[in-house]
Each structure stands twice: as C-alpha cells, then as structure tokens.
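Subject: Structure handover

Hello,

Here is the structure I promised to pass on. Please open it alongside this message; my notes follow below.

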Amino acid sequence: MKGGNSYSFRGKHVSLALVVLVLFTTLLWTWERNPIAMTLRSAQEWYHMPSEFPVEVPNDSVGTTKPEKGLEKSLTPTTENGTKLQIGIEGEAAVDSVPAESPENQDVKSSSGSEVCNYAKGKWVADSRRPLYSGFGCKQWLSPMWACRMTQRPDFSFEGYRWQPENCKMQEFDRFKFLRKMQDKTIAFIGDSLGRQQFQSLMCMATGGEESPEVQNVGWEYGLVKPRGAIRPDGWAYRFPKTNTTILYYWSASLCDLVPLNITDKQTNVSMHLDRPPAFMSRFLQRFDVLVLNTGHHWNRGKLNANRWVMHVNGKPNEDKKIAEIPNAKNLTIYNVAKWLDLQLVSHPRLKAFFRTISPRHFFNGDWNTGGSCDNTIPLTNGSEVIQEGSSDPVIEGALKGTKIKILDITAISQLRDEAHMSRYTIRGTLNSSDCLHWCLPGIPDMWNELLVAQL
C-alpha cells in the first residue's frame with residue numbers, strides 16, 4: 001500500500017508538469033502569432049518623460065543685460081582631468097533645435113535618429129574642402145575692406161574649418177541646389193554691418209565666388225539706390241534670373257524706425273522709434289520668403305550721438321529715464337520687433353523669419369579706441385566645442401520665446417574663432433589699430449549661412 005501511494009503521488013506530479021508544459025507551449029505559440037500584444041503600452045506609458053523644459057525669460061522686457069559678460073561664458077573650459085565644464089544658462093532648453101526628421105528639415109539628419117538636431121551645439125572640425133569660395137575671385141560681391149586675401153595678412157589657416165552640429169549630419173552646401181530650393185523666392189537680411197557681411201557671404205556662396213554678369217541688380221525695386229551725395233545706398237538687391245532668386249540687404253543697425261525731424265536739414269536730429277519696426281521692413285515684408293534680422297553693436301551712446309538719434313516711444317520723445325538707458329532701450333526694441341513680426345507671420349504663412357544672435361567682439365588689452373587688438377592667428381586656442389544648452393545672447397533668446405521666429409544662434413560658436421577677424425590688415429597696409437569686430441571673408445559668416453540654409 002505504501003508503494004501504491006508513492007506511485008500515485010508521483011503520477012500527480014507528472015500530470016501537473018504536463019499541464020504546465022502545455023500551457024507554456026500555448027503561450028509561446030500565441031506570442032509568435034501576435035508579438036505586438038505585449039507592446040501595446042508605449043514607452044511614455046511606462047516612463048514619464050517630459051518633452052519640454054522650461055525656458056526662463058526676463059520678467060521685464062526692458063531688463064538690463066550684459067552681453068560682453070555673457071559672451072565670456074560661452075567658452076568651454078576643462079578641468080585638470082579633462083572633464084568639460086558646461087557653461088551657459090542653467091535650466092534653459094536648446095532653442096535652436098528642430099526635430100531631425102521633420103519634413104521642413106530633410107537636409108539635416110540626426111546621427112541617432114531619436115535625438116534633436118541642435119545647430120548651436122557641436123564643434124569646429126578641420127576640412128580641406130574649405131573655404132566655399134575664393135577670396136580673390138569674389139571681388140564682385142565682397143567689400144575690399146573685408147576681403148582678407150586682398151590684404152597683407154600672411155596666415156589663412158582660419159579658412160580651413162567647418163562647424164559640425166551635435167547629432168546632425170548636414171549636407172554640404174551646394175549653390176545649385178540652394179538656388180533651386182530658393183526658386184521664385186526672396187531672402188532679405190536687415191541689420192547692421194555684420195548683417196551686411198552675412199549678405200555678402202551668401203552672394204559669394206551662391207555664385208561660387210565667380211564673376212556672374214547674369215546676376216541682375218534690382219535694388220531700384222526696393223528703393224535701394226544711392227542718393228545724391230551719399231557714400232552708398234541703404235542696401236543692395238540682386239536677382240539670379242535662372243531661378244528668379246533674389247537676395248537683398250537693408251541697413252538698419254538698430255531695427256528701429258528712423259525718421260528725420262527736418263527733412264530739409266542734413267544736420268537734423270533723427271527720431272529713433274523704439275517701438276516701431278523699420279519702415280522698409282513694414283513696406284516690403286509681403287515680398288520676403290526668408291527674413292534674417294540682427295542688431296547689437298550700434299547700441300552705445302557714442303553711436304546714438306554720432307547719428308543724432310533721439311529715442312522716441314509712442315510717437316513722442318522718450319521721457320522715461322529707465323528706458324533711456326542703452327541696454328533697456330535695446331531690449332525694448334528687440335522685444336517689440338519680435339512681437340510685431342510674430343503677429344505679421346499670421347498673414348504671411350510662407351515667410352520664414354530668423355533673428356540672428358549677436359556676433360562676438362574679440363578686443364584684447366583694450367577696446368577698439370584704446371589699443372585693443374586680436375593678433376592671434378592660431379585657430380581654436382580656446383577650444384573647439386560648444387556644449388552649453390542655452391544661448392549666449394539671452395535677450396534674443398527671451399524675446400523669441402513663444403513666437404514662430406527661429407533663433408539663428410551663432411554667438412558661442414563664433415566666440416571660439418578670435419583668429420578670424422580683420423585684425424590690423426587692410427588693402428592699404430598694416431595699421432596700428434585693429435578691427436576685432438568684423439570678420440574676414442571667406443570666414444565665419446559663411447558658417448552662419450550654412451546653418452541658415454540647413455533650416456530652410
């Protein structure tokens with residue numbers, strides 16, 4: 001009997017094992033037939049991953065800023081053991097980012113497929129295919145004062161680098177592809193002399209730096225003709241007839257509406273309307289398909305006095321002492337221009353608007369009028385990478401938050417290239433003073449345009 005009970009007990013265990021085996025086999029068979037049944041819950045259901053990070057904006061739209069101090073923070077120092085320190089505005093998202101696979105950005109691909117393409121974050125890399133055009137050959141479009149190949153400068157190693165954004169694979173700039181993409185379109189640059197450099201750079205890139213007699217001067221269509229007695233017109237406009245592509249520049253250093261108080265007096269004061277965009281932009285906005293704005297270096301008391309600009313707000317002379325402070329006046333203008341333009345985009349859906357951040361200065365041992373210089377000729381002596389998340393131009397970054405205007409964030413990138421300025425070299429010889437504000441062409445503004453084109 002004891003033996004019989006033992007066999008009965010073992011039989012029950014065998015039967016139970018068979019049942020388990022059958023159930024397990026059935027489960028595997030079901031899984032092979034329908035594997036997606038186990039993946040009905042997405043990763044976002046399993047893990048909470050916020051898609052956005054808050055961006056802090058100045059509470060007061062006319063709050064003061066210190067651009068030069070911010071620019072100093074754009075470098076990427078390292079510790080003794082080689083660990084990079086992240087310098088920037090804590091808690092701010094990379095606002096110059098777009099999804100790498102978005103339909104509007106098919107020319108730029110993320111290297112991982114899942115990360116965003118951040119144009120302002122990356123590194124400078126040596127590239128034997130640079131520059132994109134010849135500084136000797138692009139005489140038709142380059143101002144002689146910026147064509148460093150025409151000066152007595154002995155070193156041009158700064159020309160041999162390109163910017164590589166993090167997690168992005170940008171296609172090489174192709175002037176023919178660019179013009180086809182811009183067929184029947186108008187690209188407008190409105191800003192100061194650095195905006196003019198970006199305009200001349202794009203003209204050289206679009207023509208390959210070659211003589212292009214077929215390109216038409218159409219400045220008259222926009223009133224860009226040299227007035228009698230003037231040194232130059234207020235801007236230039238050129239059209240590529242094969243693709244009907246127009247590239248233009250209009251000088252507006254402050255992005256304010258400037259109105260002479262007495263048009264019959266050449267020495268009259270000029271009302272500087274901080275809360276009104278330039279009349280040129282208001283008038284011709286409907287003709288633009290791409291607009292790039294910039295301002296910054298004319299916002300100082302010396303420039304305002306030399307130009308006889310008198311601040312106006314609400315159509316009358318400004319009496320607010322707080323607004324009268326230069327940083328506050330600049331901030332007020334930038335916020336107002338951004339707000340005005342963003343409202344216009346509703347009725348101009350085809351227009352792609354960009355606001356370029358400030359281009360850094362590199363005067364060492366003084367300023368432009370006190371013996372400052374930029375004599376370094378060795379590229380990337382302060383590092384080659386930008387790893388910060390926020391922009392080094394918090395005013396523009398803050399003004400564009402919540403708008404449809406894109407930021408063209410070039411400040412920290414350009415901060416690394418102090419060797420690429422005009423320095424003390426000119427077509428007339430070597431000077432005792434230095435230009436550490438403007439760039440040699442070919443040069444850094446070419447990179448600004450590569451980033452611009454990548455976002456079109």
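Seven strands make up an open sheet with mixed pairing, in the order E7-E8-E9-E6-E12-E15-E17. Strand E7 (216–217) and strand E17 (406–408) are the edge strands, each pairing on one side only. Strands here are DSSP runs of E with at least two residues, helices are DSSP runs of H or I with at least four, and both are numbered from the N terminus. Two strands count as paired if DSSP finds at least two bridges between them. Strands of a sheet pair through backbone hydrogen bonds, either parallel or antiparallel.

This is a predicted model, where local features need pLDDT of at least 70, side-chain atom pairs count only at pLDDT 80 or more, and totals for chains, interfaces and linings use all residues. Residues are numbered from 1 along each chain as its sequence is written, and side-chain values use heavy atoms, with hydrogens and water left out.

Now one pairing in detail. Strand E6 (residues 186–191) and strand E12 (residues 290–293) run parallel, joined by four bridges. Phe189 has Val292 in E12 as its bridge partner.

Next, the helices. Helix H5 (residues 193–207) packs on the sheet. H5 touches E6, strand E8 (235–240), strand E9 (245–251), E12, strand E15 (352–356) and E17. Contact means heavy atoms within 4.5 Å. The direction of H5 makes about 160° with that of E9. Helix H12 (residues 444–454) lies across E6, E12, E15 and E17, at about 155° to E17. Axes are lines fitted to C-alpha atoms, for helices over the stretch in contact, and angles run from 0 to 180 degrees between N-to-C directions.

Then the backbone. Most residues other than glycine have a negative phi, and most peptide bonds are trans. Two peptide bonds to look at:

- Arg130 to Pro131 is cis, with omega near 5°. Pro131 sits in the loop between strand E3 (117–126) and strand E4 (161–166).
- Leu441 to Pro442 is cis, with omega about 0°. Pro442 sits in the loop between strand E19 (429–439) and H12.

Two asparagines to look at:

- Asn167 has a positive phi, near 65°. Asn167 lies in the loop between E4 and strand E5 (168–170). Asn167 counts as buried because its relative accessibility is 18%.
- Asn244 has a positive phi, near 55°. Asn244 lies in the loop between E8 and E9. Asn244 counts as partly exposed because its relative accessibility is 34%.

Buried means under 20% relative accessible area, exposed over 50%, and partly exposed in between (1.4 Å probe, protein chains only).

Best wishes
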